[in-house]
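These are my notebook entries on one structure. I put down what I looked up, entry by entry.

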Amino acid sequence: MKNLVVTEEVWREGNMYTAYCPELDVVSCGRDVAEARKNLLEVIEIQLEETAKLGTLKEFLSMPTT
């Protein structure tokens with residue numbers, strides 16, 4: 001298994017926190033910072049698993065995020 005190093009940005013929006021990974025262009029939220037970070041990790045894991053199942057993981061990881 002390889003390690004994937006990504007950036008995590010977390011900010012408050014109203015009474016929720018948003019967590020964003022710009023390298024993979026995925027986002028999640030939570031009631032506090034810890035929950036937003038946990039949910040973001042879960043979203044990243046699901047995204048990687050599903051693109052691997054579809055055979056598009058390599059393309060997904062090489063996509064520009066702009």
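**Entry: the tryptophan**

I looked up tryptophan 11 first. Its relative accessibility is 34%, so I put it down as partly exposed. My classes are these: buried is under 20% relative accessible area, exposed is over 50%, and partly exposed is in between, with a 1.4 Å probe and protein chains only. The model is a predicted one: local features need pLDDT of at least 70, side-chain atom pairs count only at pLDDT 80 or more, and totals for chains, interfaces and linings use all residues. Residues are numbered from 1 along each chain as its sequence is written, and side-chain values use heavy atoms, with hydrogens and water left out.

**Entry: aromatic pairs**

How many aromatic pairs does a search of the whole structure find? I got one. It joins tryptophan 11 and tyrosine 20: the ring centres are 6.5 Å apart and the planes stand at 65°, so I call the pair edge-to-face. The rule I used takes rings of Phe, Tyr and Trp (its six-membered ring) with centres within 6.5 Å; planes under 30 degrees apart are stacked, over 60 edge-to-face, and the rest tilted.

**Entry: layout of the chain**

I then went through the elements. The chain has two helices and three strands. Read from the N terminus, the order is β-β-β-α-α. Helices (H or I, at least four residues) and strands (E, at least two) are DSSP runs, numbered from the N terminus. Along the principal axes, the C-alpha atoms fill a box of roughly 40 × 20 × 20 Å.

Of the 66 residues in the chain, 23% are buried. Accessible areas come from the Shrake-Rupley method with a 1.4 Å probe; for residues, only the protein chains shown count as cover. Among contacts with a separation of 6 or more, 15% are between residues 24 or more positions apart. A contact means heavy atoms within 4.5 Å.

**Entry: cysteines**

I searched the whole structure for disulfides and found zero. The criterion is a pair of cysteine sulfur atoms within 2.5 Å. Cysteine 21 is in no disulfide, and its nearest cysteine sulfur, on cysteine 29, is 16 Å away. Cysteine 29 is likewise in no disulfide. Are they buried or exposed? Cysteine 21 has 0% relative accessibility and so counts as buried. Cysteine 29 is partly exposed, at 38%.

**Entry: serine 28**

Serine 28 sits in strand E3 (residues 26–30). Its relative accessibility is 14%, so I count serine 28 as buried. Which residues does serine 28 contact, leaving aside neighbours within four places in sequence? I listed Tyr17, Thr18, Ala19, Ala36, Asn39, Leu40 and Val43.

Valine 6 lies in the segment before strand E1 (9–13). With 32% relative accessibility, valine 6 is partly exposed. Leu4, Val6 and Leu61 make a nonpolar surface patch, with about 230 Å² of accessible area together. Patch members have over 30% relative accessible area and no salt bridge; like charges are joined within 9 Å, and nonpolar side chains (Val, Leu, Ile, Met, Phe, Trp, Tyr) within 5 Å.

Leucine 24 is in the loop between strand E2 (16–21) and E3. Leucine 24 is buried, at 8%. The C-alpha atoms of leucine 24 and valine 6 are 8.0 Å apart, while the two are 18 residues apart along the chain.

**Entry: salt bridges**

I found three salt bridges in the structure. Each needs a side-chain nitrogen of Lys or Arg within 4 Å of a carboxyl oxygen of Asp or Glu.

- Glutamate 8 and arginine 37 meet at 2.6 Å, N to O. This pair links distant parts of the chain, 29 residues apart: glutamate 8 is in the segment before E1, and arginine 37 is in helix H1 (residues 33–54). Glutamate 8 is partly exposed at 34%, and arginine 37 is partly exposed at 44%.
- Glutamate 35 and arginine 31 meet at 2.9 Å, N to O. Arginine 31 is exposed, at 60%.
- Lysine 53 and glutamate 50 meet at 3.4 Å, N to O. They are three residues apart in helix H1, so about one helical turn separates them. Lysine 53 is exposed at 66%, whereas glutamate 50 is partly exposed at 37%.
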